[in-house]
Amino acid sequence: MTRVKICGITNFEDALCAANAGADYLGFIFFKKSPRYVTPEAAGKITATLTEHLLASAAGSATGSETGTRPRFIGVFVNETSDVVEETIRQAGLDYAQIHGDEPPAMLEALHGRGFKALRPTSAAEAGIEAEWYADLGPADGPQLLIDAYDPDEYGGTGKRADWNAAADVRQTCPRLVLAGGLTPQNVAAAVESVQPWGVDVSSGVESEPGCKDPDKVRAFIDSAKGRVRRPDRSTAE
């Protein structure tokens, strides 16, 4: 079953909604220019509170998450040093770091299996070359590589659609590929069918406004990505 990462989490309510809907990963943005930016301290409070809540209510086993009693937590970084990333991982209680800028392979090597690279290729050829550089440096038990849409001015969260054909090519040699870029509840099922990714990543596609998730869109996205059919509420079906 396709894993789902709900990215750009900024508050506990959105984190809990995503976890209860079956998200496998939650993403926190530590890039200050992003409208979804959170401080390490704020993210740490969310991750600690969510973990405590899920354990106390035994909700983790009911979320459909494939990663344990809670979603795993991923920090998104853009052109930070490995020292800053490591310290943020500790402060925010993260499992992995998503390296989303112009970092060299040495950056992932310094994280010792706790980081993976997000690519924003301009072409299928570039995607293939960069995949060779970075794919083997990702975590052994988590995302190996992420492909996002290219934008000359932004590092992500643009709502632009990634190149599905390029992603499908990379998927042939990168089994734990995550697809991002312009995914929505309406197109994610088609993306999964076309690319066959290990996981999918969404942020703006499930928001009511930047940094605020729409619960209905979150649930619809996760159901569509995982091929689940949610039964209608009897109280509102008629």
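Set aside the neighbours within four places in sequence, and K117 is in contact (heavy atoms within 4.5 Å) with I99, H100, G101, E103, L108, Y134, L145 and L146. Bear in mind that this is a predicted model, where local features need pLDDT of at least 70, side-chain atom pairs count only at pLDDT 80 or more, and totals for chains, interfaces and linings use all residues. Residues are numbered from 1 along each chain as its sequence is written, and side-chain values use heavy atoms, with hydrogens and water left out.

K117 is found in strand β5. Is K117 buried or exposed? K117 is buried, with a relative accessible area of 4%; buried means under 20%, exposed over 50% and partly exposed in between, using a 1.4 Å probe and protein chains only. A polar atom of the K117 side chain sits 2.9 Å from the backbone oxygen of G101. That is a polar contact: a pair of N or O atoms within 3.5 Å where, within protein, one must be able to donate a hydrogen and the other to accept it, and residues adjacent in sequence count only if both atoms are side-chain atoms.

Now for the barrel. Eight strands close up in the order β1-β2-β3-β4-β5-β6-β7-β8, with parallel pairing, and the twist averages 25° from one strand to the next. Strands here are DSSP runs of E with at least two residues, helices are runs of H or I with at least four, and both are numbered from the N terminus. Two strands pair if DSSP finds at least two bridges between them. Here are some of the pairs:

| Strand pair | Bridges | Partners |
|---|---|---|
| β4 and β5 | three bridges | Q98 and F116 |
| β1 and β8 | four bridges | I6 and V202 |

Helix α5 (residues 124-134) lies across β5 and β6, running at about 170° to β5; axes are lines fitted to C-alpha atoms, for helices over the stretch in contact, and angles run from 0 to 180 degrees between N-to-C directions.

Next, the nonpolar packing. A nonpolar core is a set of buried Ala, Val, Leu, Ile, Met, Phe, Trp, Tyr and Cys residues joined through side-chain atoms within 4.5 Å. The largest one has 57 residues, and I6, L26, F28, L145 and F221 have the most contacts inside it. Helix α1 (residues 12-21) gives the largest share of this core, six residues. Apart from it lies another core, of nine residues, including Y25, Y96, V178 and W198. Beyond four places in sequence, the contacts of L145 include K117, L119, Y134, V170 and V178.

Helix α1 is mostly covered, with seven of its ten residues buried. Which parts do these buried residues pack against? They pack against β1, β2, α2, β10 and α8. At the start of α1, a side-chain oxygen of N11 comes within 3.2 Å of the backbone nitrogen of E13. Just after the helix, G22 takes a positive phi of about 110°.

Zooming out, the protein chain has nine helices and ten strands. Of its 238 residues, 52% count as buried.
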